[in-house]
Amino acid sequence: MFEAQEINAEHKDLIHDVAYDYYGERMATCSSDQYVKVWDQNSEGKWILTSSWKAHSGSVWKVTWAHPEFGQVLATCSFDRTAAVWEELVGETPCPAERGNRHWVRRTNLVDSRTSVTDVKFGPKTQGLQLATCSADGVIRIYEAPDVMNLSQWTLQHEVQCKLSCSCLSWNPSLSKNHPLMLAVGSDDTNPANGGKVFIYEYSDNIRRWMKTETINSITDPVHDISFSPNLGRSFHLLAVATKDVRIISLTPIPDNASLQSGLSKLEIQTSAQFDDHGCTVWRVCWNITGTILASSGDDGCVRMFKMNYINSWKPVAVLKGDGSHISSETQRSSISSAAGLPTPPVSQTARYIKLGTIAQSREVPWH
Amino acid sequence: MEPSLKTFTIPDELCRRAGIAATWLPINELGVFAYQHVKAHSPDQPSAYGPADASVFKVRQQVILFEPILRKLVNEANGTFLSVQELMSTNSPEFKTELLKLSRQYRSIIRACLENLQDEVMRERGERKEELQNYITIFYSVECVWHLCEILFVDNIPGNVVLPHLLEWVRFHFPKYERKAAKLLAGDLVGLESQPDYWETVIGLLMQGRIEVVRALLRLHSAADSKPFKLVDQTLKAMPIYSIYSGISATEFNLKWKHWLVDTQSKIDAKLFISERHLHLMMRLSVGEETAWNEVQNHCEAWYELLAAWLFYTEPTIKSFELGQYARRCISRMGIALHMRHLDQVLLAAMESDIIQVIKEIQHMSENGWFASHLTDLLYHSGRLDFLDTSEADDLVASRLRECFLLDYGTLLMGHNSLWQVGLSYLDHCPTDGINTIELLITRLPLGSEARAQKIIREAQKRDLPHIVQSICKILGMNSLKRGRIGNALTWALKSRDSGFASVLADKFLREYSTNGKLQCTDLLDNLGSSMLVSDRLVFLGKYFELHKVYQGKNYKEAANLIVSLLASKLTPKYFWSTLLSDALPLLECNELVMSSNDTFTLLHCLEEKCNLPEIQDKIELIRLAAARNLARALTHEAQLN
């Protein structure tokens, strides 16, 4: 059973991305209306809009939070060919809970791309403050803030050509020191003849360059989203891919002498799971914190959740779907009460949750 | 059997028209929003839906365990869970008996919880009442299944004589007859049979095997002295009841029992009870006459109520492994095979000793995994899941099964503001993925107040996760810094042993001092001790503060030594030279000679090296002069000494 709290995002058009901070207490949204908004949860659980600013001069595709060790930092990327880094400044308020005196300033504008910047992600925190972007013309860029206390200085460290138009990227969050930094990039190039659409890049400490180490040739359809799973101390990495279906790819490092020399790992690539439950194109994939549940969004208008069970196989566990037909009764009720001249209750500061209705009255599936 | 998926609806028209996407937020909640994918190469234009009222829906699982009224259940069960783990770590040879005790403890926790709910339900009305009633149904079923599992899988019943336990179980869950009997016996004893439910109670008790109570009630019938009543009393008294402690073997018992059956049957055949309809029925029931049982079975609320009664009179020596077939027979007898409730299915699976099926089914009980995790853990420790490890059929491993439930349950509790420590204790007992899960989750706990942050840090320290502690301290330091509380920030920086961060903060102190001449947080600086070694800049700050202290204490000689060592240390930040050199002035001009010629040379050397810094230009002449005068004094003094 699920319940939901509705937060009116106050954007003037569809939201392209929603990102939560490390603790899930802050929410950033971005939209075609070129605005970025930041929401904070108050002590009663209600979400309050605390900042809203025009961040770009085109649709804002993605928004992402840096690790809180670096402060309150956001990165955005846009159709306007730029990516930007934002930092929140807190005014000198005696009470830390007061939200009024905060605002976000643009620390840098990364203007190296000549086409739409399609994705932006901060690297693992052990690497300091690194930022990867990818763009529609197939260039991956790695930026770095050499002084994490000064976010207005960013240097373009690496520029990697990826032949095909890039749509999404993901850092491997794995905490292990035994393998090099790893990035996966997906392409939404539509021509199957161009081969695999997911590329794995690794950073070689020896030659100080990012090298393409693998192409996942089993995926030749356009890829729209890609996400490494949080690693629970596994010896292999898991990568979720949104393409014509949902794929979960495992990447297992194979130790050999060549990899020891180059500092790059050789990977054995296998498809762990493949779901065509959406029955159509899959747009987004997202892992929960522990990497035990994958949520995917597809062109069927559904969010589907897949969970790993005790025999280590993935099973669909629940589906969410938009349905406006049930809200009419709610609005009706309120209109009746106002017609009767009853005073409307004051806007509550506490979060109101509504129970979600179900479509299929079949058996409940264990969520946990 | 693959259960079909449930689809939950997001009540939003835009979400229906455009489709939706979702982002996870810690821990296991989803942000769902109307979403339409736009390809990077398509032109940037307003969507077909704009201007739109775009909403984000924060979707979470409904967790009844977070209800305040169920909090006690969560906490107390945690205590019992930890006792189970401790028991298993001591390798006690008596662990089976102890496990049974702990199983009963779990059940008494559920019963206490049910009592609470029942009290509460009286006080409430409307929707809330319904909700509470729903919880009562859930935990009633939980207790019912647990009790049966305890009898069948945890208790080591001597000789596997399971029936007395089953009867006890049925009596507990269908207590109405005993309650009525108590009421009857407590009331007016004259003409008890005139009470409307007298016979129903008597027969109900008979079916529950409460022979003594049945006899007591019959004796209070106004016709108790009549012949049929006396005969029934005698017959019931003579009825052999099987017990492992009676000292007779099953064969011996069966002989006695068969004899009693023949005897009683002959009495029935002789129509000795026919004058009393109810007594006649009772006797026919007691010999297991099918038609008699057909008459009463409709009074049974559940098939397992009938099962226990039926077995008592037809198969008193039944072993637990034979239960399944009789259960199925009972179910078909009552004609309910097609409308089995969920609880019925779980109980049937238990009677068929299909533990895996039981575990699968109890996940559907809507108590958020409380039951499945605790029961599976108990069954695992009772050795009841060992068979999984030896069967080659699938990849299911007992320890993995147990761990999966504990991981899920622990993670669920970690998502609660005040139950996270309880959650940790479950993750602690997951040997494979526990610590990794803790690592991922503990850093996601909102730090909130200082006291809460300290608590989280302590839990991380307990589990030997120094990098987590460092990271949390760093975040707290950063938060303090952003709020302009640099003293606080420095405290956290020291705890996180982050040298870069400490340097940045030390810089802030020094810059602040060089602009306005004030040193903040003197208490903290006074107590830096060896922790200052984390960064050179901090060492400089610490030493510089010491200089201030000794100078204020008018210990000029010591101050001179300190300033010279600072000058020579190469730790001085560029922006601070002006301040430091100016600080030397009063020492050079001191009445008493405190700087030797060597000291002065060191100072002059630094001065020459830094003479290009713009901010010392206006002081340079002054310092040179003071240095020259001090040098003269010092050389004269030193010459005299030699």
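## Accessibility and the model

A residue is called buried when its relative accessible area is under 20%, exposed when it is over 50%, and partly exposed in between. The model discussed here is predicted. On that scale B:Lys180, at 21% relative accessibility, counts as partly exposed.

## Salt bridges in chain B

B:Lys180 meets B:Asp197 in a salt bridge with an N to O distance of 4.0 Å. Because B:Asp197 sits in the loop between α6 and α7 (198–207) while B:Lys180 belongs to helix α6, the pair ties together parts of chain B that are 17 residues apart in sequence. B:Asp197 is itself partly exposed, with a relative accessible area of 22%.

Helix α6 (residues 176–186) also holds B:Lys176, whose partner B:Glu301 lies 125 residues away in the loop between α12 (290–296) and α13 (303–314); their side chains form a salt bridge at 3.3 Å, N to O. B:Lys176 is partly exposed at 28%, whereas B:Glu301 counts as exposed at 53%. Elsewhere in the chain, B:Arg104, B:Arg107, B:Arg111, B:Glu143 and B:Glu150 are linked in a network of salt bridges.

## A buried serine in chain A

A:Ser187, in strand β15 (residues 182–187), is buried, with a relative accessible area of 0%. Its side chain reaches the backbone oxygen of A:Ser165 at 2.6 Å, and a polar atom of that A:Ser187 side chain lies 3.1 Å from the backbone nitrogen of A:Asp189. Residues touching A:Ser187 include A:Leu164, A:Phe199 and A:Pro222.

## A contact between chains

B:Glu131, located in helix α4 (residues 126–154) of chain B, touches A:Lys355 and B:Glu67, and is partly exposed at 25% relative accessibility.

Notes:
Residues are numbered from 1 along each chain as its sequence is written. Chains are lettered from A and ligands numbered from 1 in the order in which they are written. This is a predicted model: local features need pLDDT of at least 70, side-chain atom pairs count only at pLDDT 80 or more; totals for chains, interfaces and linings use all residues. Side-chain values use heavy atoms; hydrogens and water are left out. Helices (H or I, at least four residues) and strands (E, at least two) are DSSP runs, numbered from the N terminus. Buried means under 20% relative accessible area, exposed over 50%, partly exposed in between (1.4 Å probe, protein chains only). Contact means heavy atoms within 4.5 Å. A polar contact is a pair of N or O atoms within 3.5 Å; within protein, one must be able to donate a hydrogen and the other to accept it, and residues adjacent in sequence count only if both atoms are side-chain atoms. Lists of a residue's contacts leave out its neighbours within four places in sequence.
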